[in-house]
Amino acid sequence: MSEFWQALAQGVLIGSTYGLLALGMGLVYGVSGIVNFAHGDFISLAMFMSLALFSAFAMDPYVSAAITIPVMAAIGALVYRFLLRPMAGHQFLMIVQLTLGLSLLLQNGILMVFGGQPARVPSVVESKLIILGDVVLRMPNVIACVVAFAMAIGLYVMLRSTDFGRSIRAVHQNARAAALMGVDVGRVQVVTFAIGVAILAVAAALLLPGTPIQPTQGLQYTVITLLIVVLGGMTNFVSIMLSGLVIGLAEAFGTVYISDALGRLVPYAIFVLIMLFRPQGLTWRTS
C-alpha cells in the first residue's frame, strides 16, 4: 500500500511540473496559432544558462532564475518579433519547419558551447526530504508543485481579471476584431510569447535540482508537452493542468508497478486510449 501512496504523491508532483511546461505552449498557441517545436530547447537553453551562472558564480538554480527568467523573456520577444511574426499567416508546415530549424540551432549551439557530456546544477535543497509516514518526497519536487499551481492560478486570474489578459483572450477569439477594437495585436503576441518563454525558464529552474542535463534533452520536453496540450486542449489552462497530472500519475504508477523503462511508455498508451474513446481530450469548460 505504501508503494501506491508513494506513486500517487510522485505522480502529482511530476504532473504539476509537466502542466507548467504545457501552459507556456498553450499560452503562445492561443494568441499566435504557432506550435513551437523548439519549446523543449528553450527549456534546455535556460538550464544551461543556470549551469553557466553556477560555474562562474556558484549560483543556486533558484537564485539564478532571477537572471534567466528576464533574459529568456527578452530572447522570446526577439525570436517572435524578428523570426516567427513575419511567418504568421503562412502555411502550417512552413512554421513547423521554421521552429524545427530553431530547435536544431539551439541544440547545436548549446552543444558547441557546453559540450555533449551530461552536467548537473546542484542546489542546497536537492538532498532535502519530506517524510509523511511511508511517503518520502524530495523537497525540489514539492517546491516545483507549489510554484506550478501558483503560476497556473496566477495566469488564470491574469487572463480573467486584467486588461492585458482580456486583450489576450480577444486576440485568441478573433485577432481581426480585436484589432478593430483598438487592441495592438502585434504587441499582445510579442509579449505573450515572451511570457510563454519566461514560464519555461521558471520550469527549468524547478526541474534542475538533482536532474542531469544535456543538450539533446529538448526533444523529450517538447514531446511530453505536445502530448499534454493535445490531451487537454491547446488553450484551456484547467484542462492542461489536469492532463499534466494524468500524464504524471501514469508515468509514476508505470515506473512503480511495471518497470522504469516500460513505465515511461504508459503515458503514451493512456494518451492513445483517451484519444480513441474521448477524441475531444480532457476538455474542461471554464467559460
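A: Helices (H or I, at least four residues) and strands (E, at least two) are DSSP runs, numbered from the N terminus. The model is predicted, so local features need pLDDT of at least 70 and side-chain atom pairs count only at pLDDT 80 or more, while totals for chains, interfaces and linings use all residues. Residues are numbered from 1 along each chain as its sequence is written, and side-chain values use heavy atoms, with hydrogens and water left out.

The loop in question runs between helix H4 (92-114) and strand S1 (129-132), and Ser123 lies in it. Ser123 has a relative accessible area of 9% and is therefore buried (under 20% is buried, over 50% exposed, and partly exposed in between, with a 1.4 Å probe and protein chains only). Setting aside neighbours within four places in sequence, Ser123 is in contact with Asp60, Pro61, Tyr62 and Pro209, where contact means heavy atoms within 4.5 Å.

On one side of this loop is H4, and Ile110 is found in that helix. Ile110 is buried, with a relative accessible area of 4%. Its contacts, again leaving aside residues within four places in sequence, are Asp41, Ser44, Leu45, Phe48, Gly115 and Pro215. One of these partners, Phe48, is 62 residues from Ile110 along the chain, yet the C-alpha atoms of Ile110 and Phe48 are separated by 7.6 Å.

Moving to strand S2 (residues 135-138), this is the place of Leu137. Leu137 is buried, with a relative accessible area of 10%. Leu137 touches Ala9, Leu13, Lys128, Leu129, Ile130, Leu132 and Val142, not counting residues up to four places away in sequence. Leu137 and Gln10 are 127 residues apart in sequence, and their C-alpha atoms are 7.4 Å apart in space.

Thr17 is found in helix H1. Thr17 is buried as well, with a relative accessible area of 5%. With residues up to four places away in sequence left out, Thr17 touches Ala144, Ala148 and Leu207.

Next come the aromatic rings. A pair of aromatic rings is described by the distance of the centres and the angle of the planes. Rings of Phe, Tyr and Trp (its six-membered ring) pair if their centres lie within 6.5 Å; planes under 30 degrees apart count as stacked, over 60 as edge-to-face and the rest as tilted. A search of the whole structure finds 6 aromatic pairs. One of them joins Phe4 and Phe253, and this pair is tilted, at 5.4 Å centre to centre with 50° between the planes. Phe4 lies in helix H1 (residues 2-32) and Phe253 in helix H10 (residues 237-257), so the pair ties together parts that are 249 residues apart in sequence. Phe4 counts as partly exposed, at 30% relative accessibility, and Phe253 is partly exposed with a relative accessible area of 23%. The pair of Phe42 and Phe193 is edge-to-face, at 6.5 Å centre to centre with 80° between the planes. Here Phe42 lies in helix H2 (residues 39-57) and Phe193 in helix H8 (residues 185-207), so this pair ties together parts that are 151 residues apart in sequence. Phe42 counts as buried at 1% relative accessibility, and Phe193 counts as buried at 2%. Ring pairs also link Phe4, Trp5, Phe253 and Tyr257 into a cluster.

H10 has a helix partner too. Helix H9 (residues 218-232) and H10 pack at an angle of about 125°, with their axes 8 Å apart (axes are lines fitted to C-alpha atoms, for helices over the stretch in contact, and angles run from 0 to 180 degrees between N-to-C directions). That makes H9 oblique to H10, given that under 35 degrees counts as roughly parallel, over 145 as roughly antiparallel, 65 to 115 as roughly perpendicular and the rest as oblique. In this packing, Ile224, Leu227, Ile228, Val229, Leu231 and Gly232 in H9 meet Ser239, Ile240, Ser243, Gly244 and Ile247 in H10.

Met158, Leu159, Arg160 and Ser161 in H5 meet Asp163, Phe164, Gly165, Arg166, Ile168 and Arg169 in H6.
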